[in-house]
Amino acid sequence: MPPEAPVIPAEVHEYEREPVPASQWKGWKSFLGMYAGEHAAGTEFMIGPLFLTAGVSAFDLLVGLFLGNLLAVLCWRYLTAAIATDVRLTLYYQLEKICGRRLVTAYNLANGILFCFLAGAMITVSATAVGIPFDMEMPKLTDTTPNGATWIIVVVAIGAVISVIAARGYDTVSKFANIASPWMVLIFLACGVVALKGLRVASFADFWNIFGEGREPFPGQIKYTFWHVVMWSWFCNAAMHIGMSDLSVFRYAKNASSGWTTAAGMYVGHYLAWICACLLYALYIRSGDAQAMLAAGQAPPVAPGPMTYEAVGVAGLICVVVAGWTTANPTIYRAGLAFQAIAPKLSTARVTMIAGAVATVAGLFPAFAMQLLDFVAVYGFILAPIGAIIVFDHYFANGAGIVQNYAEKAGINFNVSVLLAWLISMAVFYSISAFGGVFLSFLTLPAWISCGALYLVFSRMLQKRV
Amino acid sequence: MSIVKIISYLCLLVVLLAPILFFADVLTDSQMRIALLGGTVVWFATASTWINKGDNDSEIETESAI
């Protein structure tokens, strides 16, 4: 990569270092289908059931998810899309203007590593489907390490295929994902409807009573209340909305109202799909095997492959594999690009294979998928505060008397104010969570606000006249 | 609208209706599974011929979503 090239060969291929021209702006319809498809991913098969293992009640699940998703949509509309249509730059270029290239590289490293773990969880999900013909033992909810040779072989095989395809570029997979999206949503719905029949639901009251007033969490899980569900669902995509990743998307929008289209992703993927997957697990835990495990004080496994196969047959298995594959693939590719920013001499294919190898190793350990609620909370918590830097710089720089886009104007590669604000916010609030036992998603917003405020304070103290 | 496109949409309709008809006891479990698999196979076979043609939205891609 030549020195003049962008530090981040980002996820978009045009206008990486210039505002998107008006001729390329797109109407809201361009974003609607994209968001509906992007958020019906392999991980939805895990997240729905994991809510049930956390003992949620019907009200917590139905109303909590509705509210959490609404708050996420509002963040996309009034923060991400609003700033994106003002500046029309990628996240990375906007960050570079504020933080300098070197600090963006550090952000990218964090992003790349987290992407690998996320892709690993998606490989785990696919493995639960691919392993069925081999009579593979499914990982238990409390498993952290591989449970046998078959598991290792299946995961390595899936990881290798995904990595090789990703290394060849993901255009084909992206096109395949476009084809799969509408069908995948309908398979999620089919799983939910079939599960309702299995659960003998004949009225809304029957449906409500599946979850009722909630229950004790399964062994090894924590209890989720209404506010846990709200905050978790609000911030599971925090990196994209308050973390400003989707600046890169909405810079193409004709106006900020296109931000409302994220509701399609939230209410199809993060409401309908989660509830359908939750119903599948509710059906499974009524089986004799699951009841026996619960009676023995063990948590029944969350294995999307067997659950969907039991409900809707081979089509369900295909859905689990496709959902995992189509989302793991671009994730590995983007992780590779993130690593390439740090080692620009390595080819894209090679860094993608390295990212794929890391993801495959992560996929061997079921903990990433089985503790997905915790991992996703960490993912949002780490990346979201960087978005606060952009928001506070955009709206409050003049009021605070600091220079906007300071790194660009001062010609520096490393803005210390940003690093201090990010690290101090993360360290303080993560410590509160780790040592005070506070649910991490409750602290994402305080960490975000703190990061933005500290950025203003440090910038005021450290900025030099430009 | 071409015949292939109509067949694709009909397949989606099959995938939508099969579980509903199973819920209503119109289809048996095995009939529902066959309908879902058939709809799936024909959807992928037909949709692949038209769904990525002529759209220019592929240049907008999100980060890896959860």
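I began with α1(A), where A:S30, A:F31, A:M34, A:Y35, A:A36, A:G37 and A:E38 are buried. I took a residue as buried if 20 or more other C-beta atoms lie within 10 Å of its own, as exposed if 12 or fewer do, and as partly exposed in between, with C-beta atoms placed from the backbone. Helices (H or I, at least four residues) and strands (E, at least two) are DSSP runs, numbered from the N terminus.

I noted that this is a predicted model, in which local features need pLDDT of at least 70 and side-chain atom pairs count only at pLDDT 80 or more, while totals for chains, interfaces and linings use all residues. Residues are numbered from 1 along each chain as its sequence is written, and chains are lettered from A and ligands numbered from 1 in the order in which they are written.

I then looked up the surroundings of α1(A). Seven of the ten residues of this helix (residues 29-38) are buried, so α1(A) is largely enclosed by the rest of the structure. Its buried residues pack against α7 (171-198) and α11 (262-284) of chain A.

I turned to α12 (residues 288-295) of chain A for contrast. Zero of its eight residues are buried, so α12(A) lies largely in the open. Just after α12(A), A:G297 takes a positive phi of about 80 degrees.

I checked two further positive phi values. A:M244, not a glycine, has a phi of about 70 degrees and is found in the loop between α9 (226-235) and α10 (247-250) of chain A. A:M244 is buried, with 27 other C-beta atoms within 10 Å. B:D25, also a residue other than glycine, has a positive phi near 65 degrees. B:D25 lies in the loop between α1 and α2 of chain B and counts as exposed, with 8 C-beta neighbours inside 10 Å.

I next examined chain B, which has two helices and zero strands. Of its 66 residues, 33% count as buried. In all, 28 residues of chain B are in contact (C-beta atoms, placed from the backbone, within 7 Å) with 43 residues of chain A. The largest share of the side of chain B that touches chain A, eight residues, comes from α1(B).

Last, I consulted the confidence values (pLDDT, the predictor's confidence in each residue, from 0 to 100). The mean pLDDT of chain A is 91, and 97% of its residues reach 70 or more. Over residues 1-12 of chain A, pLDDT stays under 50.

Terms used. Two residues are in contact if their C-beta atoms, placed from the backbone, lie within 7 Å.
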